[in-house]
Amino acid sequence: MWITIILAVLLCLSIGNNIYQKRKTYRLIDRLLDRVLSREMIAASDLEEGEYN
């Protein structure tokens, strides 16, 4: 019984983390697209190493 509860909690935490990471990614993409469309420069400090580049 306890194992089922622990697994359910871990599953909920995993789903919550996944949603948080996707929202964070979409916000970053949205900010970068706004800058591109307004013809602003995108500084290298605005970009982090990783999947966004």
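**A tour from the end of the helix**

Select R39 to begin: just after α1, this residue takes a positive phi of about 60°. The model is predicted, with local features requiring pLDDT of at least 70 and side-chain atom pairs pLDDT 80 or more, whereas totals for chains, interfaces and linings use all residues. Numbering runs from 1 along each chain as its sequence is written, and side-chain values use heavy atoms, without hydrogens and water.

Next, display the whole protein chain, which has 1 helix and 0 strands (DSSP runs numbered from the N terminus: H or I of at least four residues for helices, E of at least two for strands).

Within α1, select T25, L28 and L32, its buried residues (buried is under 20% relative accessible area, exposed over 50%, partly exposed in between, with a 1.4 Å probe and protein chains only). Of the 53 residues of the chain, 6% count as buried.

Turn now to R23, in helix α1 (residues 2–37). R23 counts as exposed because its relative accessibility is 58%.

Finally, select I5, also placed in helix α1.
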